Amino acid sequence: MRHWLLAFVSQAVRILVIPTRSRGICFSVSILAILAFVAILAIVLVVALIVMPLVEIRDLVKVFNSDEGFFGKARRDVRAVNGVSLDIHTGETLGLVGESGCGKSTLGRMIVRLIESTSGSVRFDGQDVLTASSTLLRRLRRDMQIIFQDPFASLNPRMRIEEIITEPLIIHSENGRPANAALRKHALEMLHAVGLEEEALRRYPHEFSGGQRQRIGIARALALHPKFIVCDEPVSALDVSVGAQIVNLLKQLQRDFGLTYLFISHSMPVVRYLSDRIAVMRSGEIVEIGTAEEITSQPKHPYTRTLLEATPEAAIGS
């Protein structure tokens, strides 16, 4: 896309800026033509920003190498993700659905580089994530965060909730540690955003229910005001009613903070409710992708139809 824009600008300049000889002096075309060119260029740039994906994934592969098995027998390598290509656009929710073990979580963690890929590329906001230096990756991670599946294991039991939520601010601060008052104020804002009260700041994770812990995990992910969040099965460990509350909370936060989601789940009704588009994953590969309406009402791949037939209908919310 960027190469196309540069080519467009170069060609437009050659056309509009016509050397015209008058009394031996070269001068450009009229101001009106130049203003028209600027207006056209602005329109092209706006359209390009809308069309250009926030996240571009191309031919992503992850192979887990096994050690030698029992009795000297070689174990077979596991190809968890096999040549996945996806685009995720600003402001949308892309649902990633498939059975357990199909590679969904591995893909999500590779996007934010918590797991190193075997091959392929991931570009976030035009930057190559997989080849980024530690300094660049640190900056990129301000804008891309993850909500983990297990609300019990994802929070440090030795830290108070205020410390958990403000830890990203301290790690990513470029001007030294922020003042304690500023940290506390920000932590309180994040807690209120996810529906928890101020008293939670002084407590430890074991004092909360599973749903409350997941809200705390969401608050931590929001602390840096990221553009993109990987939601790695955030409701699979919760009761149905609590999970529905979390899904509705995620939907509200997307509107409030202008977020872009990759929402990973094995539940088609949940994905259908939250997602603009759905990608269906099987054995490390994307077998079908389309709008939520297309995937759920007119599935083309047999595996997608099998998922829909195996999943009971559920009312997720309004």
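This is a predicted model: local features need pLDDT of at least 70, side-chain atom pairs count only at pLDDT 80 or more; totals for chains, interfaces and linings use all residues.
Figure 1. Lys227 sits in the loop between helix H7 (210-222) and strand E9 (228-232), while Asp125 sits in the loop between strand E6 (119-124) and strand E7 (127-128), so the contact ties together parts that are 102 residues apart in sequence. Lys227 is partly exposed too, at 35%.

**Figure 2. Asp87 and Arg58, a pair from two strands.** Here the closest N and O atoms of the salt bridge are 2.9 Å apart. Asp87 belongs to strand E4 (residues 78-88) and Arg58 to strand E3 (residues 55-64), so this pair ties together parts 29 residues apart in sequence. Asp87 is partly exposed, with a relative accessible area of 23%, and Arg58 is partly exposed as well, at 33%.

**Figure 3. Glu92 and Arg277, a buried pair.** A salt bridge joins these two, with 2.7 Å between the closest N and O atoms. Glu92 is in the loop between E4 and strand E5 (93-97), Arg277 is in strand E11 (residues 277-282), and the pair links distant parts of the chain, 185 residues apart. How buried are they? Glu92 has 9% relative accessibility, and Arg277 has 19%, which counts as buried because the cut-off is under 20%.

**Figure 4. Glu199, Arg203 and Glu207, one network.** These three residues are joined by salt bridges that share partners. Zooming back out, a search of the whole structure finds nine salt bridges.

Note on methods:
Residues are numbered from 1 along each chain as its sequence is written. Side-chain values use heavy atoms; hydrogens and water are left out. A salt bridge is a side-chain nitrogen of Lys or Arg within 4 Å of a carboxyl oxygen of Asp or Glu. Helices (H or I, at least four residues) and strands (E, at least two) are DSSP runs, numbered from the N terminus. Buried means under 20% relative accessible area, exposed over 50%, partly exposed in between (1.4 Å probe, protein chains only).
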